[in-house]
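Thanks for asking me to look this over. Here are my notes, point by point, to read alongside the model.

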Amino acid sequence: MQALETFIWNSEPIPTHQTITAAKNGGIILGAYDDDKLIGFSYGFAGFSNKKTYLCSHVLGIHPDYRSQGIGAALKEAQKEEAIKKGYDLITWTYDPLESVNGYLNLSKLKAICSTYIENCYGDMEDNLNQGLPSDRFQVEWWIQSEHLTEDPWWHKDEYKLLVEWDLDESGHPFLMKENFSLLDKENPLLVPIPSNFQRIKKEAFPLAVDWRTKTRKIFQRVFQEGYAAVELLQNTSSPVNYYVLVKRNTLKLGNERIW
């Protein structure tokens, strides 16, 4: 696992003495294999906050040669089943909200939700994916024994409202325009755009990447303050942006109060 972790992120791996101790004390480590070759893994440890116990899913990594084959989703589903066996009803983790692939997996496929935004969660990071930008993160809640995972999303029957407009610059990169916070007084599900390929913007137009970070930080912090939760990411392979869907958290059948 250490070797694969180092290869994926080009950074120091988690010490073995920590992963072993976590696994023996409520944590869960799972591997995905091609014959006897480890090609993916997930690592989580026990967490506790406001009298609530949960599984903190810390790392999920897939070898680059095996991505886009559903392995990440399979690891998460296996993690859910093992967590239920141990008595957990909540799994939480963080991810960069501007990374569309992660957002689609976490919200659209797994049906996790997010109503917590953490500014610069890990400080300055020097790995291949995060270098140069504040490490802002969504803190995901996956209520693995709730009705939310099995019910049909009510917002699919409603009219979406675009919270912030966007356009393309001369290089064809999307950029955000002015937001319309007056829509927060409505009952409709809201849409917030993010780049379909944020890493490309980082490489080709880094100041624009910073602009996306600072503007979406303001937007998500505001909508979460107003009681909304991100519940889905709508993908369109032919569009330069994808859209988060946000609805009022109290309309979701989570079965639990928020703990953060």
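1. Let's begin with Asn120, which sits in the loop between strand S5 (113-118) and strand S6 (137-143); strands here are DSSP runs of E, at least two residues, and helices are runs of H or I, at least four, both numbered from the N terminus. Asn120 has a positive phi of about 45° although it is not a glycine. Most residues other than glycine have a negative phi. At 32% relative accessibility, Asn120 counts as partly exposed (buried means under 20% relative accessible area, exposed over 50%, partly exposed in between, with a 1.4 Å probe and protein chains only).

2. A word on the ground rules: this is a predicted model, in which local features need pLDDT of at least 70 and side-chain atom pairs count only at pLDDT 80 or more, while totals for chains, interfaces and linings use all residues. Residues are numbered from 1 along each chain as its sequence is written, and side-chain values use heavy atoms, with hydrogens and water left out.

3. Asp35 also deserves a look. Its phi is near 55°, a positive value in a residue other than glycine. Asp35 belongs to the loop between strand S1 (28-34) and S2, and its 73% relative accessibility makes it exposed.

4. Now to Ile39, in strand S2 (residues 37-49). Is Ile39 buried or exposed? At 5% relative accessibility, Ile39 counts as buried. Leaving aside neighbours within four places in sequence, its contacts include Leu4, Tyr33, Ile62, Tyr66 and Ile71 (contact means heavy atoms within 4.5 Å).

5. Please check Lys76 in helix H3 (residues 71-86). Lys76 is buried yet has no salt bridge, and the nearest side chain of opposite charge, Glu77, is 9.7 Å away. A salt bridge needs a side-chain nitrogen of Lys or Arg within 4 Å of a carboxyl oxygen of Asp or Glu; for charge, Lys and Arg count as positive and Asp and Glu as negative, with His and the chain ends not counted. Setting aside neighbours within four places in sequence, Lys76 is in contact with Ser57, Leu60, Trp93, Leu110 and Trp142.

6. The largest nonpolar core has 52 residues, of which Phe138, Leu163, Phe220, Tyr244 and Leu246 touch the most other members. Such a core is a set of buried Ala, Val, Leu, Ile, Met, Phe, Trp, Tyr and Cys residues joined through side-chain atoms within 4.5 Å. Helix H6 (residues 206-225) supplies the largest share of this core, seven residues. Apart from it lies another core, of 16 residues, among them Ile113, Ala229, Val247 and Leu254.

7. Helix H6 itself has 20 residues and reaches 29 Å from its first C-alpha to its last, close to the 28 Å expected (1.5 Å times one less than the number of residues). Buried residues in H6 include Trp212, Arg213, Arg217, Phe220 and Phe224. H6 is followed by Gly227, whose phi is positive, near 95°.

8. Finally, the overall picture: the protein has six helices and twelve strands. Its radius of gyration is 18 Å, close to the 18 Å that the globule rule gives for 260 residues, so it is as compact as a globular protein of that length. That radius is taken over C-alpha atoms, and the rule is 2.2 Å times the number of residues to the power 0.38. Buried residues make up 50% of the 260 residues.
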